[in-house]
Each structure stands twice: as C-alpha cells, then as structure tokens.
Amino acid sequence: MGDERVGRDEYFMGIAEMVARRSTCPRLSVGAVVIDGRNRILGTGYNGSPPGHPHCHHVGCKMLEGHCIRTIHAEVNAITYLTVGSSADTLTMYSTHRPCFECLKVIVAKGITVIKYREEYKDPKWEGIKEEYDNLTLVRI
C-alpha cells in the first residue's frame, strides 16, 4: 500500500462517483455528497425515480425538452436524505456534474455554500442570473 494519502476533494468526489453508479437513468449518471464543516458526510444521492415508481432502466426515460423528467436529480436526493447537522456548519456539496439551475435553488435554500463538481452540465437558465448567487462558491475539480 502506498504512502500517499488521498486528498479530501479526491476522496469526496470518489464517493460521489461511486454513488452515481446507483443511478437508474441511463441518460446521465450523477452522484452527490453533502459534507459538514468537520468533513463528515451528511447525505448522498443519485438520480433516480421516486421510491415505488418505475425506473428509467426498466421502462425508458420520459423526455421533455431534452431532459428526462422521470427522475429526481442527485443533488435533491442528497438534500432530501440529509442527516441533521449543526446550523453553524458550513455545508459543501460534491457532485459529479455541475447542478442544473433548479437544483441550485434547492441547494441554496438548504444553506449549502460550496459546490465542487467534476463535469460541466450546460443549463441555459444559468445565464443572466449567476450574479445573484454571489455567496455561493462553485469549484470545478
């Protein structure tokens, strides 16, 4: 075993990538991990259908304007299943992809202030409104 210790960003992004492997939508596999200020994992999520509903990999994607609307996005699932953290915690989300604008609003509402992501996700809704979210730090790693 090597002597080199994995850095935090690589560690948490690796977990997000593993979580993405649970995705039930073949269009795009996304995983997300939320951590607190002490680097403890509070929640994880992947894109998939709500519990008890058919999954894309069984019945196909339900597409609207180029997007599958059958699934809940990984970021929202991670927030939905968060364990309780201190209100004083700085919350960071690691996501395999930059969140869409709809997810961004939920992320901000939850108080997550840092998003670290690996892959770009183009969403035209970002244009012209990015500056309104100046308290949010987005870092591509």
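This note goes through salt bridges in a predicted model.

1. The count of salt bridges comes to seven.

2. Aspartate 9 and lysine 116 are joined through their side chains by a salt bridge, with 2.9 Å from N to O. This pair ties together distant parts of the chain, as aspartate 9 belongs to helix α1 (residues 8-20) and lysine 116 to strand β6 (residues 112-119), 107 residues apart. Aspartate 9 has a relative accessible area of 28% and is partly exposed. Lysine 116, at 17%, is buried, because the cut-off for buried is under 20%.

3. Arginine 98 and glutamate 120 also form a salt bridge; their closest N and O atoms lie 3.7 Å apart. Arginine 98 is buried at 15% relative accessibility, whereas glutamate 120 is partly exposed at 27%.

4. Glutamate 120 and Arg98 are also part of a network of salt bridges that includes Arg140.

5. Within helix α4, the side chains of lysine 105 and glutamate 102 meet in a salt bridge of 3.2 Å, N to O. The two residues are three apart in the helix, so about one helical turn separates them. Lysine 105 is partly exposed, with a relative accessible area of 36%. Glutamate 102 is partly exposed as well, at 38%.

Conventions:
Residues are numbered from 1 along each chain as its sequence is written. This is a predicted model: local features need pLDDT of at least 70, side-chain atom pairs count only at pLDDT 80 or more; totals for chains, interfaces and linings use all residues. Side-chain values use heavy atoms; hydrogens and water are left out. A salt bridge is a side-chain nitrogen of Lys or Arg within 4 Å of a carboxyl oxygen of Asp or Glu. Helices (H or I, at least four residues) and strands (E, at least two) are DSSP runs, numbered from the N terminus. Buried means under 20% relative accessible area, exposed over 50%, partly exposed in between (1.4 Å probe, protein chains only).
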